[in-house]
Every structure is written in structure tokens, then in C-alpha cells.
Amino acid sequence: VKWKWTAVAIPVLSAWMWAQNLPASAPVGKIVPKIVCTTNEKQSYALYLPSTFSANRKWPVIYVFDPGGRGAVAVETVRAAAEKYAWIVVGSNNSKNGPQGGSIEAAQAMWVDTQQRFPLDESRRYFAGMSGGARVAVALALGCHSCVAGVIANAAGFPPNASPDRDTKFVYFAAVGNADMNYPEFVDLRPRLNALGIPYRIRIFDGEHGWAPPEAWDEALNWMDIQAMAKGLAPRDAARIDKTLSDDLVKARGLEAKHDWLLALREYQAINRDFTGLADTTVAKNRAAELEKEKEPAKQEKQEKEDVAKQNRLLSGPSTQMEMIASGNLDSAVQRDLRDTIAALKHDAARTSNEGERLVLMRAFADPGI
Amino acid sequence: LLIQAFESSQRSLEQKDFRDALRYLDLAAAGSDNLGWVHFQRARAYAGSGDKNHMLDELKLSLAADFHPPTGLDANEFAAYREDPQFQALNSEWRKASNP
């Protein structure tokens, strides 16, 4: 799959597009489920304009991809945060998982149409998505180089055969459920992002594979705003910076109170990364240094790696067997075994009293929640 | 594993590989809490492979499990049965359930 689409996107980046194309009227403060793209009538998107929207200023915009082309679902997920922080949300009704998913065509059409209709802040465009939609968001951002300031990836990391590198220009916020089958991707991704110095946050919420709860999206958009302030892309709001720092410290202390030493350490490290230059991070810096010397975070990190290995062990045989269906090489006895394995995983996950084990079993079982 | 079964079944249906779709759906049924969805997808696979009796059985099971998306029977796989009286009767029941 070729993700390069700058040739199409760049011409529409120019300000004259906005100046020469009057914005279509659209209601503010409510989701519009379908706006047909003027340049490609096969493509449409759901839209949310914040209730404070006016044509007198430029607005941050986030393009969101649902794995099943449910634009309104995607927009609804982000809506509350977008209203609070005054962002425009656009969700493709066409981009879907699979070989005929049409994500590039969908992204190009939405991109062109929204640049024409609305006064968008060119330095503050973002991609986001869930599951396959998250991979689409990252792939588009990698393909278009500097066309977006950030990516919010929910429930999946980078696309296959892609990873962050020194040319990665966007900041990265991820949200993943602790029982999500893609959780291990983020265990792998974290050290790479650290090594490259790419600004990132990985927020883990309680839940399986699916859209993150509204509070995670609130955090994501707020984090993107803070990142924009740090880079001079948005005016600094000292009160908001202080409030966010204070909330993050409360979160880190809460994790310590629950003896989630590893998560607490990561929270302090994230505070230090995000707020250096914006606020006094001495408290977070000192506490991170203390926790780094303690045994518990290292022990929990070792356990996290063991959990990933266990999930891989549980999955490797059955997953390969399932792939044999397509080649016609799976006999009915193995099919029966496979069915039993799936039922057993479900049964064991529901029965175990060990929370760590339950999460590993849930990740391997991977209920799509349909 | 369950997501792999679900997604593979959808890919097989898209590619009109109905035999494989049924095998993936068999696996999905072993773990899914939404058997109505599984029955409906099986009905699509049977419809596509020309097995009317199994298709009708699966649609009835889908209805019984309270899974009846309003435009579900508009799927391409059911096109060949639109004039069939048994399918029409079921379609009418389906629409009633979708729009009580």
C-alpha cells in the first residue's frame, strides 16, 4: 500500500483555497452525520463544529477514522473533548478496514473538502483513529510528512512494517485498554519513542479492544493543546498548564497509592518530558529518580514482558491454525480443537481470580465486542 | 483470536469465499456473546453459496436472538431471493422486528 498523498494534499494547503471558497453553512454544537465531499461525491464525513465556532479565527481540526466507516460514531467519541477545547472533528463515513478499505481516497476527499469549507489552523491538524483506523491515521501521518501536528492512536499502534524513526515529525498520543489484544504493541513502542525523543503519551484505560472512554479523549486533546503551546503553535495558557500539571501529579500519586509503581514511574517521566520548559517539574523529576532506584517498578516491568510472552504463547499455535483455513489446509479435527481453544480461553478468563492472568487471557481471547 | 475469526469471516464474505466464511463463523460462535450477529453472517454465507434452507434457518435464529438490523436483508448476498415467498415472509417479519 502506498500512503504517499502529498501530491494531492499540498495544493490544497494554500490559504487561497479557504479565501476563495465560502464555508458551507453547518450547524454548530451538534453532530452532522453526513457531509458529501464536493470533489468526490462518493465520499462523505460526519462533522462536529464546536458551539463557539465562527469564521473569524482558525481552528484546530482532527480527522478521525473508525475501522468500519462509522464517521458519526468516531465523531461522537471525540465530541465532548472537542467542544471543551474548541476543535473541529471530522470522521470519514467511508474508510474501512480491509483490502478495499479506501482509506487514502477517503482521507484525501475529507482533507480537500474541509480545507475548502472551514477556516482551519494549518499548523494544528491531527489524525486519529481506532484499531485499523489508528493504523490508517499513523500511516497517513507518516506518508504526508509534516501535514499533521499529531496523531491519536486508539487500540492499535503503528501499521505493519512501519515504526517511528528520526523523520517522525508528529507528536503521538495512544490510548489502549488493559485487556486489548494490541496492548503488547505499546510495550514494544514505548522504548522506541523514548530513544527517538518523540513527544508521546500512552494512556492505559480499563477495557478491551475498542474506542477509549471520553475522559481519555479529553486528556488526548488537552495533551495536544499543551504540546502546541510548548512548540509555539498555540498561545501559552499558564493557568491551563498549571492545572494539567497538577492533575497529572494527582494521577501519578494515585497510581503509587494503588502500588502501580511502574505506571507511576512512567507518569512522572511523562510529566517531566511534557512540562519541561513550560512549568516547574522538579517534583516529578525527583520522584521519578527515586522510583527508578526502587525494585518494584523493575519487577512490574519484568512481569509486563512475561505477560506479553504468555499472550504470544497462547496465540501462536491457534492463530497459525486459523490462517490455514484460507489455504484450505485445516482439517475438521483441528477446526474442532481451535473452537475448543477459543471457548476455553473465554471460560478461563471469566473464572480466574488473578487479575494479571485475566488480562492476559482477555488479550488472547480478544472479543471485538460486536 | 475471536477478532481474527470475526475479521477473517468478513474478508471471506467480501471475497465471496463462503465456505471459508462459514468456518471462521464457526469459530466466532465458540466465543461470541452475540450469537445473533453470527447467525446473520452465516445466513449471508449460505445465501451467497445458494443454500436457501440453511439461509432461512440462520435468519430465523438471528431474529430469535433479537439481531435484526433494519437494512440487514438488503445485503447483496440476499438479492437472488427477493422474489422467493419464504424469504419475503421472513423479510416482512424482519422489518416488523426492526421497526416495532
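Here is a short chat about a predicted model with chains A and B.

Visitor: What should I know before reading the numbers?

Guide: Residues count from 1 along each chain as its sequence is written, and chains are lettered from A in the order in which they are written. The model is predicted, local features need pLDDT of at least 70, side-chain atom pairs count only at pLDDT 80 or more, totals for chains, interfaces and linings use all residues, and side-chain values use heavy atoms, with hydrogens and water left out.

Visitor: Why is Glu219(A) called buried?

Guide: Buried means under 20% relative accessible area, exposed over 50%, partly exposed in between (1.4 Å probe, protein chains only). Glu219(A) comes in at 13%, so it is buried.

Visitor: Which residues does Glu219(A) touch?

Guide: Contact means heavy atoms within 4.5 Å. Leaving out residues up to four places away in sequence, Glu219(A) touches Phe173(A), Arg201(A), Arg203(A) and Lys251(A).

Visitor: What makes Asp33(B) and Lys346(A) a salt bridge?

Guide: The rule wants a side-chain nitrogen of Lys or Arg within 4 Å of a carboxyl oxygen of Asp or Glu. Here the N to O distance is 2.6 Å, and the pair qualifies. Across the interface of chain A and chain B, the rule finds two salt bridges. On the side of chain A that touches chain B, α12(A) gives the most, with nine residues.

Visitor: How much area do chain A and chain B bury between them?

Guide: About 2,300 Å², with 59% of it on carbon and sulfur atoms. Buried area is the accessible area (1.4 Å probe) that two parts lose on being put together, summed over both. As for contacts, 30 residues of chain A meet 22 residues of chain B.

Key. Helix = DSSP H or I, 4+ residues; strand = E, 2+ residues; numbered from the N terminus.
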